[in-house]
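Hello,

Here is the structure I promised to pass on. Please open it next to this email, and my notes on it come after.

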Amino acid sequence: MELTKREILGRYRGASFGLLWSLISPFLMLAVYSFAFGGILKSRWPQANNEHGSFALILFLGLITHAFFAECINRAPSLVVGNVNYVKRVIFPLEILPWPMALSALFHLFTNLVAFVVLQLVLTGQLSWTIVLFPLVVAPLFVLALGVAWGLAAFGVYFRDISQVTGVLTTALLFTSSAIVPVSAVGPEVRWIFEINPLTFIIDQVRAVALWGQLPDWSGLGLYTMAAVIVAYMGFSAFAATRRGFADVL
């Protein structure tokens with residue numbers, strides 16, 4: 001927990017507004033994307049009924065879900081490389097390094113959710129009770145993010161170029177998921193790309209429980225969780241198998 005606290009506070013160290021930026025940033029992000037896609041490009045969502053406020057809420061939930069996963073992926077390759085002292089000078093359980101990073105990203109996801117609740121109450125004056133299921137919906141994505149982080153952290157020690165690729169990858173994940181464009185609006189020839197994107201299902205479920213008052217797809221979440229656990233096991237195994245050589249490479 002101390003590492004997670006340091007991870008969260010370290011991001012805002014020296015900033016005038018400090019931790020308050022964790023609430024300011026999502027509103028700024030929402031304003032930019034809402035203006036770009038709703039105001040300029042005139043993007044619409046089937047469930048939005050052509051109301052700009054509803055579109056903003058739909059867009060916001062997709063963006064904050066992607067931001068959580070993107071932060072984990074982008075930071076993972078430098079987790080071990082950026083903590084050389086833990087590798088060489090002290091006896092430290094290196095396998096816990098992804099945890100503070102992922103928990104910090106999860107903290108910001110939930111501060112963004114607070115911003116969403118405020119925004120929804122201001123724009124619509126109502127809030128669905130199913131939003132309490134939000135943690136259950138994002139839990140499988142958290143497990144998946146941990147697994148990917150373990151794998152990228154390990155391979156990032158041996159292949160430093162990975163950190164140059166992750167930024168492009170997370171951008172691709174954004175524009176090939178339902179974060180910005182509904183899958184139903186995509187042509188059938190490329191729809192499969194959106195459907196296999198690991199973010200699409202979770203984003204759709206997040207919107208279902210947080211915005212539309214629907215229960216999640218429990219069977220889908222169960223299958224997603226099993227797949228996430230497998231990925232987490234594979235990522236942890238890769239990390240454990242390669243950690244002996246970290247000190248030699250670094």
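Below are my notes on the aromatic pairs and on one helix.

Please keep in mind that this is a predicted model. I searched the whole structure for aromatic pairs, and the search gave 7.

Start with Phe 201 and Tyr 224. Their rings are stacked, with 5.8 Å centre to centre and 20° between the planes. This pair links distant parts of the chain. Phe 201 sits in helix α9 (residues 198-210), while Tyr 224 belongs to helix α10 (residues 218-242). The two are 23 residues apart. How exposed are the two partners? Phe 201 has a relative accessible area of 22%, so it counts as partly exposed. Tyr 224 has 13%, so it counts as buried.

Next, Phe 239 and Phe 246. This aromatic pair is edge-to-face: the centres are 5.4 Å apart and the planes make an angle of 75°. Phe 239 is buried, at 1% relative accessible area. Phe 246 is buried too, at 0%.

There is also an aromatic cluster. Phe 68, Trp 99 and Phe 142 make it up.

Now the helix. Does the length of α5 agree or disagree with its residue count? Helix α5 covers residues 98-124, which is 27 residues. The expected span takes 1.5 Å times one less than the number of residues. That should give 39 Å, and the end C-alpha atoms of α5 are 38 Å apart, so the two agree. Gly 125 follows α5, and its phi is positive, near 75°.

Over to you.

Best wishes

Terms used: Residues are numbered from 1 along each chain as its sequence is written. This is a predicted model: local features need pLDDT of at least 70, side-chain atom pairs count only at pLDDT 80 or more; totals for chains, interfaces and linings use all residues. Side-chain values use heavy atoms; hydrogens and water are left out. Rings of Phe, Tyr and Trp (its six-membered ring) pair if their centres lie within 6.5 Å; planes under 30 degrees apart count as stacked, over 60 as edge-to-face and the rest as tilted. Helices (H or I, at least four residues) and strands (E, at least two) are DSSP runs, numbered from the N terminus. Buried means under 20% relative accessible area, exposed over 50%, partly exposed in between (1.4 Å probe, protein chains only).
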